Structure formats: C-alpha cells, structure tokens
Amino acid sequence: MKYFGTDGFRGEANEVLTVEHAFKVGRYLGWYYGQEHRARVVIGKDTRRSSYMFEYSLVAGLTASGADVCLLHVTTTPSVSYVTRTEEFDCGIMISASHNPFYDNGIKIINGKGHKMEAEVEEKIEDYIDGKIPELPLAKKDKIGRTTDYSAGRNRYIGYLISLATRSFEGKRVGLDCSNGSAFMIAKSVFDALGAKTYVINNEPDGTNINTNCGSTHIEVLQEFVKEKQLDVGFAYDGDADRCIAVDENGSVIDGDLILYICGKYLKETGRLNQDTIVTTIMSNLGLYKACDKAGLRYEKTAVGDKYVYENMVKNNYSLGGEQSGHIIFSKHATTGDGILTSLMIMEVMLEKKMSLGKLTEPVKIYPQLLKNVRVVDKKTARENAAVNAAVNAVAEELGEDGRILVRESGTEPLIRVMVEAVTDELCRKYVDQVIAVIREEGLVIE
C-alpha cells in the first residue's frame with residue numbers, strides 16, 4: 001500500500017499527510033457508503049494542533065459526497081470504535097498518530113463493526129487519491145450532507161466504561177498519565193466516578209505537547225510520580241489512549257506482557273478465558289511464556305501488530321490478546337486495544353484478589369531483552385543471506401532454553417531488527433553484536 005500502513009494513513013502533517021489527502025479520503029468514503037442510502041460517519045480526534053485541520057477537511061469531503069457527519073471532538077480511538085459499532089454508523093474515522101510526535105498525524109478508518117477498515121477499501125481510497133478512479137459525483141441541493149455535534153456519543157462511551165467495573169475503587173490511590181492526549185477528556189472522570197482518589201499528570205494539552213516526555217512511551221515520569229505520591233498503582237496512556245502501561249506500588253513498570261499474564265491468569269481462574277489461551281506477538285518476552293507454562297495458560301504467537309493479534313482472536317474466538325507496548329484487547333468488551341478499559345481490568349484483578357500489582361506479577365521473571373536496528377540495502381536479501389542465517393542458528397543453539405534470538409524485517413523502513421533475550425544484559429549484547437557483525441561482513445549494511 002502506498003499511503004495506508006498497518007495503522008491507517010500516517011505521516012508528518014502538511015508534509016506526508018495533507019489536507020488534500022484528507023478531503024479525498026472523505027470524498028471517497030462519503031460516496032462509497034452513500035450509494036444506496038445517505039451515509040452516516042462519526043469522527044473523533046486527538047489533541048494535536050493539526051487534528052482540527054484534518055477534521056474540517058474530512059468533513060468537507062464527506063458532506064460534499066452527501067454523507068452526514070457526527071463529531072465526537074477530542075476523544076479516544078476505542079471510543080470511536082465503540083460508537084461506530086453500537087450506533088449503526090457506516091464507518092468511523094479517528095484523527096491521530098497515536099504515540100508519534102505532535103507534528104505527525106494520521107487517519108484511521110474503522111468499519112461498521114468497529115474493526116480496522118478492510119485493506120481493499122483502503123486500496124480504493126488510494127486509487128482515488130492518485131487519480132486512478134474517475135472523479136466522483138458531488139451531492140447537490142438537499143443531498144449535500146450536514147454535520148452535527150455528537151459529544152453525547154463520547155459520554156455514552158464513558159458510561160459504558162463505568163458500567164464494566166465490578167466494584168468500587170474507593171480507598172485506592174491511582175495515578176493517571178494522560179500523555180496530554182485523548183485520555184484527558186475521559187480517564188479521570190471514569191476513575192472519579194468509580195470512587196478512586198485520582199491523581200492526574202500530563203492532562204493539559206496545548207496541541208504541541210502530546211506524547212512529549214509523558215505517557216506510555218516515557219513511563220519514567222509516572223514511575224517517579226507513583227513513588228513520590230505513594231500511590232497504589234499508576235496507568236499511562238498513549239496519544240489516542242488505545243495503549244496502557246502500568247506502574248506498580250513500588251514504581252516498577254508493568255508492560256503489556258505482564259498485563260496479559262495477570263489478566264489472563266485471573267480470567268482463567270474465573271472461567272472467562274476462552275480455551276485458556278492468550279494471544280501474543282513474537283516480540284513477547286520469554287519470561288511471559290515460562291510463567292504461562294507454570295500457570296497452565298496456553299498462548300498463540302502472531303506477527304507484530306495489534307491487527308494480527310485481533311485477527312487471530314476473531315478467528316479462534318479467544319478473549320484476550322495484546323502486545324508488549326500495552327495494546328491489550330479484551331474481545332468481550334471491545335474490538336480494539338483500549339487503554340482505559342485495560343486499566344479498569346487491572347483494577348478488577350487487584351480488588352478481587354486483594355493483592356497489589358507488584359505481588360500479582362511476582363511469578364513472571366522477565367528476561368533482559370536487546371533490540372538493535374540495522375539499516376540495510378535490501379531487507380529480503382539480508383534476511384535470506386546464508387551466512388546471516390548460519391550466525392542466527394548458532395546463537396539460537398548456544399542460548400538453548402535460556403534465551404532466544406529473533407531477526408525480522410521492519411514493516412515500514414529498510415531495517416533488519418535483531419533481538420536477543422538472554423539471562424544477562426551482557427549475553428544479549430554479545431549475541432546481537434555477533435549477528436550484526438556478520439550482516440556487516442556480508443556487505444549488506446548501508447554505512
């Protein structure tokens with residue numbers, strides 16, 4: 001695909017992704033869904049400076065093609081997915097570049113079932129952008145679409161989240177890092193409504209501070225805050241709040257792997273984990289799998305990307321899956337990763353088991369992990385090189401059951417990613433460098 005990647009059309013605003021692109025995305029979707037009835041589309045956005053610009057461009061394109069548009073304004077990606085599937089919209093659009101810097105932005109399209117849009121529709125949009133499809137008819141007279149405020153949809157989503165909590169959070173001291181992003185409109189009100197004593201940081205977006213030294217990609221900020229305020233737990237979200245990374249009472253980081261373990265184990269114990277299986281990606285830590293084996297938890301491994309995790313979950317009717325990055329999917333409640341929902345589920349485990357988060361994660365011994373990227377002339381050639389594969393196999397043999405090596409191509413850049421997990425950081429470094437040295441010796445690297 002030329003414009004759309006695994007998570008929508010993303011790039012620097014007015015550089016890679018322009019208002020003309022957004023207008024054409026709107027024009028095509030309004031026409032595509034409006035061939036047999038008046039199309040209904042719902043739009044949400046994060047707090048980036050450029051999100052307003054793209055919102056208005058999309059609205060202009062959609063209404064010019066005859067679609068009616070409902071605006072959720074600043075809200076989270078999972079809320080757009082929820083409103084799209086529960087309010088019978090033809091599709092939903094989220095304007096966000098997730099955890100990227102503020103000057104990037106993106107257009108994520110969600111189908112009527114609340115899932116990521118099918119690739120074939122995205123391909124047709126690309127063809128329209130590139131002029132490979134004849135110009136689409138404009139709506140005339142009363143066929144032109146209209147736009148309405150739909151903050152009621154966002155409030156309904158907040159109500160839905162609150163309804164999922166099984167008990168009061170009273171007496172619990174909770175820290176929230178809202179990343180100066182989408183969660184600032186929602187997270188605190190949910191925790192307050194459930195009775196928690198809520199302490200919030202990075203909750204004053206100005207259009208340029210989203211993800212800047214805050215949120216799930218800069219977890220050290222929340223670690224310090226939890227320790228300083230002596231909180232029971234902390235949760236950090238990314239820019240559009242579809243990820244959550246937690247911090248326990250000691251200030252230790254609880255990433256997606258540990259969240260999958262504690263939630264998977266708890267759901268299994270309560271008979272709510274379909275086939276006793278969690279879905280992970282190949283990047284999950286070896287320590288997670290060893291702890292799962294002891295707890296009788298089965299697991300599947302998919303390619304990297306929440307898209308692949310969710311496809312596997314749907315195909316096999318699994319109830320829990322996710323990535324190290326904190327992108328966790330509870331399929332009974334949502335069709336996408338949902339950071340705030342994830343934090344509510346963690347609270348449920350802590351409250352029901354009457355255990356701290358630190359105690360719940362004790363059985364998992366996370367292995368040191370090192371990942372290095374190598375810029376190569378050609379990914380496929382580098383990946384299939386005989387000497388490189390021999391070096392990888394030699395490392396795998398030496399590590400045995402006490403570690404693993406994973407070498408894969410980047411999905412978006414001319415990079416080979418070399419990852420090693422081992423008992424010590426020194427071993428990780430030694431083996432990663434060993435393989436990279438062979439890639440270099442074979443003349444495959446761009447120096």
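Before you click, note that the model is predicted: local features need pLDDT of at least 70, side-chain atom pairs count only at pLDDT 80 or more, and totals for chains, interfaces and linings use all residues. Residues are numbered from 1 along each chain as its sequence is written, and side-chain values use heavy atoms, with hydrogens and water left out.

**Stop 1: the largest cavity**

Select Pro78, Ser81, Tyr82, Arg85, Tyr157, Tyr160, His333, Ala334, Thr335, Thr336 and Asp338, which line the largest cavity. A cavity here is a set of points on a 1 Å grid over the protein atoms alone where a 1.4 Å probe fits but cannot get out, and lining residues have an atom within 4 Å of a point. Two elements give two or more residues to this lining: α3 (77-86) and α5 (151-164). Helices are DSSP runs of H or I with at least four residues, strands are E runs of at least two, and both are numbered from the N terminus. Color α3 to see the top contributor, with 4 residues. The space inside is about 60 Å³, a volume being the space filled by probe spheres set on the points, which are joined across faces, edges and corners.

**Stop 2: the second largest cavity**

Next, select Cys263, Tyr266, Leu267, Arg272, Phe330, Met345, Glu348 and Val349, the lining of the second largest cavity. This cavity has a volume of about 30 Å³. Both α8 (256-269) and α11 (339-353) supply at least two of its lining residues.

**Stop 3: helix α7**

Now show residues 220-229, helix α7, and pick out its buried residues: Leu222, Gln223, Phe225 and Val226. Buried means under 20% relative accessible area with a 1.4 Å probe, protein chains only. These residues sit on the same side of α7 because they cover an arc of only 165° around the axis, the arc being taken from the directions from the helix axis to the C-beta atoms.

**Stop 4: Ser96**

Finally, go to the loop between β5 (91-95) and β6 (104-111) and select Ser96. Is Ser96 buried or exposed? Ser96 counts as buried, at 1% relative accessibility. Show Asp46 too: its side chain makes a polar contact with that of Ser96 at 2.9 Å. A polar contact is a pair of N or O atoms within 3.5 Å, one able to donate a hydrogen and the other to accept it within protein; residues adjacent in sequence count only if both atoms are side-chain atoms.

Technical notes:
1 Å grid on protein atoms, 1.4 Å probe; cavity = no way out; pocket = protein on both sides within 12 Å on 5 of 7 lines; lining within 4 Å. Buried < 20%, exposed > 50% of the residue type's maximum accessible area, 1.4 Å probe, protein only.
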